[in-house]
Amino acid sequence: MQAFRLPAAMDAVRIDPATVERQAIRAGRPGGQHQNNTSSAIRARWTSADGKVYAVVVRDNRSQHQNRRLALERLAALAAAEKAEADAAREGETWALHGQLQRGEPRRIFEGRWFKELK
């Protein structure tokens, strides 16, 4: 399991809560009887419009409602981070192609200090 802090998304991805598949699961970690007997953890899965699937499991709080809210926030942050990464990669590809431009044949050629046109 990897733990990391997600940066605040500048272009937040809007996720309709109705499109998110949510499943309440038991937290399954040390924390006493409450953790072991209630389904307070949330597994959330969302498919974006372009077909990418994002999934998170949130078991930070004892409250299922708080975990649901956190799951939506984390799904949005994951989607925004991937979108930002794709935008940066696309920008890098565009910049790399800039050096491959081929300039066309010159239509008019000028010469000298007074810019006399050559025929």
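Select Lys 52 first: at a relative accessible area of 36%, this residue is partly exposed, a class that lies between buried (under 20% relative accessible area) and exposed (over 50%), computed with a 1.4 Å probe on protein chains only. The model is predicted, so local features need pLDDT of at least 70 and side-chain atom pairs count only at pLDDT 80 or more, while totals for chains, interfaces and linings use all residues. Residues are numbered from 1 along each chain as its sequence is written, and side-chain values use heavy atoms, with hydrogens and water left out.

**From Lys 52 to Glu 82**

The side chains of Lys 52 and Glu 82 form a salt bridge, with 3.0 Å from N to O; the term denotes a side-chain nitrogen of Lys or Arg within 4 Å of a carboxyl oxygen of Asp or Glu. This pair links distant parts of the chain, 30 residues apart: Lys 52 sits in the loop between strand E2 (41–47) and strand E3 (53–58), and Glu 82 in helix H2 (residues 64–98). Glu 82 is likewise partly exposed, with a relative accessible area of 31%. By the salt-bridge rule, the count comes to 7.

**Along helix H2**

Next, select Arg 69 and Glu 73. Their closest N and O atoms are 2.9 Å apart in a salt bridge, and both residues lie in helix H2, 4 residues apart, about one turn of the helix. Arg 69 is partly exposed at 44%, and Glu 73 is partly exposed at 43%.

Then display Asp 87 and Arg 90, again in helix H2, 3 residues apart and about one turn of the helix. The closest N and O atoms of this salt bridge are 3.1 Å apart. Asp 87 has a relative accessible area of 28% and is partly exposed.

**A buried asparagine**

Select Asn 67, which also lies in helix H2. Asn 67 is buried, with 0% relative accessibility. The side chain of Asn 67 reaches the backbone oxygen of Ser 40 at 2.7 Å. Leaving out residues up to four places away in sequence, Asn 67 touches Ser 40, Ala 41, Ile 42, Val 58, Arg 59, Asp 60 and Asn 61, where contact means heavy atoms within 4.5 Å.

**The nonpolar core**

Now select Ile 15, Ala 44, Trp 46 and Leu 75, which touch the most other members of the largest nonpolar core, a set of 15 residues. Such a core consists of buried Ala, Val, Leu, Ile, Met, Phe, Trp, Tyr and Cys residues joined through side-chain atoms within 4.5 Å. E2, E3 and H2 are the elements that give two or more residues to this core, and H2 gives the most, with 6 residues. Beyond neighbours within four places in sequence, Ile 15 is in contact with Val 20, Trp 46, Leu 72, Leu 75 and Ala 76. In soluble globular proteins, nonpolar side chains tend to be buried together.

**The whole chain**

Finally, color the chain by secondary structure. There are 2 helices and 5 strands, taken as DSSP runs (helices H or I, at least four residues; strands E, at least two) numbered from the N terminus. From the N terminus on, the elements run β-α-β-β-α-β-β. Of the 119 residues, 19% count as buried.

Notes: Polar contact = N/O pair within 3.5 Å; in protein donor to acceptor, adjacent residues only side chain to side chain.
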